[in-house]
Amino acid sequence: MPNTGATLLMKSIGIYCVAAVSMLTGLSGCETVSTSVASDHQHALAWPQISSPYALDASMEKRIADLVSGMSLRQKIGQMTQADIRSVNPEQVREHYLGSVLNGGGAWPDGNKRSKAGDWVALSRAYYDASMSTDMAVKIPIIWGTDAVHGHNNVFGATQFPHNIGLGAAHDPDLVGRIAHLTAKQVRATGITWIFAPTLAVVQSPRWGRTYEGYSSDPELVRAYAKSFVTGMQGDLVGPGTTIATAKHFIGDGGTWLGKDQGETRASRDELIRTHAPGYFGALEAGVQNVMISYSSWTDTGAGVAHGKMHGNGELITDVLKGKLGFDGFVVSDWNAIEQVDGCTRTHCPQAINAGIDMIMVPDDWEKFIDETVADVEAGTIPMSRIDDAVTRILRVKFRTGLMDRAPFLDASAEQDLASDLARATAREAVAKSLVLLKNGQASPLPLKRDAKILLVGEAADKVTAQMGGWSLTWQGDETDDSDYPIADDMLSAVTKALGGGGSVEVSRDGRGVDLSRYDAVIMVMAEAPYAEMKGDIVYPATLRHTARYPDQLETLARISGKGVPVVSVLFSGRPVYANDLMNLSDAFIAAWLPGTEARGITDVLFEGTTGRPGRSFTGRLPFAWPGDPCPETANQPELFSRGFGLDASKRVNSQPLPIDNRLICPALAD
């Protein structure tokens with residue numbers, strides 16, 4: 001069982017129901033959460049039987065078996081290999097029979113960040129043509145995978161939807177399915193047919209730098225979203241607006257101790273099934289064709305067994321996923337992740353293949369991987385039956401998606417799908433539905449009038465990059481500027497377009513030297529700097545206090561607060577953060593998450609409609625609990641707001657000032 005520190009952490013993340021009382025509203029926020037440490041003492045849960053909509057086709061299986069039986073060992077290992085486009089050219093694809101390529105974060109055709117759709121199609125066609133010109137009697141087309149995790153986010157000029165945390169706040173599975181379909185159309189317009197999404201992590205700590213990739217801490221909402229997303233993205237598997245979806249990262253990636261990226265998930269088997277598995281149940285029910293394995297490891301706290309890295313866990317990959325859950329697609333590793341398995345390197349890991357991984361993502365050292373894996377099979381370290389099973393699964397997906405029978409390229413007119421009117425309108429709708437109103441005090445000016453004189457304050461007030469987060473053109477979302485998002489609206493342009501006759505907006509980066517009496521309202525825009533995995537963790541014992549990392553934002557807000565002009569604060573963040581100090585200085589406070597390119601969805605809610613009523617109401621509700629303490633792992637009352645909380649602008653609350661905790665370091669925890 002967990003030690004005292006771990007128990008406090010479990011309380012802070014909702015494993016225990018915490019009777020958190022909102023200090024802003026006085027409303028109880030206690031939820032009934034099914035996950036409980038007591039599950040260790042209950043009857044063991046069983047993995048469910050999942051029925052996929054895609055039954056095995058006997059004639060297809062015979063074609064696959066005939067093809068596999070005629071392949072050489074090197075041809076088979078080539079099919080199991082996935083290389084990054086920066087390290088492999090079309091001729092090498094032909095020579096080595098590669099089964100797949102990917103573009104990792106920050107990889108573009110010819111290294112050009114502003115490559116057009118036609119450039120992507122040309123490179124995809126070059127790889128495809130190479131794969132179809134090998135010396136094999138039956139040609140096997142290559143498949144290209146991409147991280148299109150909030151729209152086709154690697155491509156210049158594409159609509160980028162809100163990150164998953166915002167979609168979780170919308171509580172709208174139908175919306176998620178529509179976004180998945182539009183994303184598939186974007187990706188197909190560039191000649192790519194495989195998307196590494198959705199992320200199905202049930203995030204337990206906002207310290208994790210990938211929190212924004214998760215939808216919610218509610219396993220059942222994640223399950224519903226997974227089913228809708230996969231259905232929307234994959235469609236019938238063969239249509240021009242469909243791609244392969246990937247359920248990732250199997251399993252427990254969102255449950256690591258203290259939110260450490262690629263860390264250790266400490267959970268009983270029952271808890272793993274109850275909390276971390278439901279998203280995969282939903283994806284499998286929808287017929288997902290690919291599953292990606294997690295970097296994390298799993299320690300079964302009920303049995304006291306450390307199972308090690310998931311990439312070497314044959315029980316969960318083969319016995320559970322492929323066996324009990326009936327998954328008949330193929331399993332892919334994450335980026336160089338096999339090297340984290342005990343005894344492995346990034347080019348040599350029979351343990352991972354024997355555990356059930358079918359395709360290995362070896363972005364750079366793929367030639368050495370092929371040689372060493374061939375040697376392992378020849379030495380008997382990896383049985384040929386395991387290789388044949390892996391290749392069979394890869395080919396099954398290529399057959400099911402029609403790739404074996406026709407090229408994946410569409411008419412050039414498909415380029416319009418990158419930023420179609422429907423994509424932009426849907427992204428704008430998603431932004432509006434994602435906003436969560438956390439404070440609406442007596443002096444709140446919401447909804448803002450269209451003839452108001454607005455002062456827009458903050459470094460993020462006129463920066464598209466502040467809205468995007470990681471996985472936006474680049475891996476970390478950095479090294480970009482507003483010119484990299486030509487179709488996007490930032491807050492300044494969104495407010496400008498929302499204002500009618502008589503209205504005006506001006507910008508101040510830091511609130512200095514401003515005559516506030518000239519304005520009807522202030523909109524303060526704050527943001528986290530963009531980040532992705534590895535670099536985005538808030539590593540314990542650092543606190544979750546937003547202003548500990550961005551003190552200038554507190555200083556700016558303090559300059560314009562309490563001066564007789566109401567302040568509406570908008571926070572762009574990839575996770576819930578401790579922000580009591582910011583809320584105290586705000587008349588209204590909005591969690592806007594990472595909205596992407598369509599900031600007009602924000603002003604659709606902030607401003608009244610043409611009839612004097614809000615264009616849209618605040619309907620977003622917290623997908624995760626909001627911390628009421630900068631160190632929730634050790635707090636008696638870790639939550640300020642429980643998951644599901646959210647206010648309506650039509651009601652104003654006479655709130656009391658929140659206590660301020662300016663600690664920079666949290667108390668030590670036993671490991």
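Predicted model: local features only at pLDDT ≥ 70, side-chain atom pairs only at ≥ 80, totals over all residues.

Trainee: What makes the protein chain as compact as a globular protein of its length?

Mentor: The chain has 21 helices and 19 strands, where helices (H or I, at least four residues) and strands (E, at least two) are DSSP runs numbered from the N terminus. Its radius of gyration, taken over C-alpha atoms, is set against the globule rule, 2.2 Å times the number of residues to the power 0.38. The value is 25 Å, close to the 26 Å that the rule gives for 671 residues, so the chain is as compact as a globular protein of that length.

Trainee: Why is Ser 472 called buried?

Mentor: Buried means under 20% relative accessible area, exposed over 50%, and partly exposed in between (1.4 Å probe, protein chains only). Ser 472 has 0% relative accessibility and therefore counts as buried. This residue lies in the loop between α16 (465–468) and α17 (491–498). Contact means heavy atoms within 4.5 Å; leaving out residues up to four places away in sequence, Ser 472 touches several residues, among them His 150, His 163 and Tyr 485.

Trainee: Why does Asn 89 count as partly exposed?

Mentor: Its relative accessibility is 35%, so Asn 89 belongs to the partly exposed class. Asn 89 is found in the loop between β1 (81–84) and α4 (90–96).

Trainee: How do you know that the side chain of Ser 124 reaches the backbone oxygen of Gly 191?

Mentor: A polar contact is a pair of N or O atoms within 3.5 Å; within protein, one must be able to donate a hydrogen and the other to accept it, and residues adjacent in sequence count only if both atoms are side-chain atoms. For Ser 124 and the backbone oxygen of Gly 191, the distance is 2.6 Å. Ser 124 sits in helix α5 (residues 117–131), and at 5% relative accessibility it counts as buried. Likewise, the side chain of Ser 472 reaches the backbone oxygen of Gly 469 at 3.1 Å.

Trainee: What makes β12 and β14 edge strands?

Mentor: Two strands pair if DSSP finds at least two bridges between them. The open sheet of six strands has the order β12-β17-β16-β15-β13-β14, with mixed pairing. β12 (436–440) and β14 (504–508) each have a single partner strand, so one side of each is left without a neighbour in the sheet.

Trainee: How do you know that β13 and β15 pair?

Mentor: Four bridges join β13 (residues 453–457) to β15 (residues 521–527), and these strands run parallel. Leu 455 has Val 522 in β15 as its bridge partner.

Trainee: What is the largest nonpolar core?

Mentor: A nonpolar core is a set of buried Ala, Val, Leu, Ile, Met, Phe, Trp, Tyr and Cys residues joined through side-chain atoms within 4.5 Å. The largest has 118 residues, and Tyr 127 is one of those with the most contacts inside it. A second, separate core of 75 residues includes Val 495 and Met 583.

Technical notes: Residues numbered from 1 in each chain as written. Heavy atoms only, no water.
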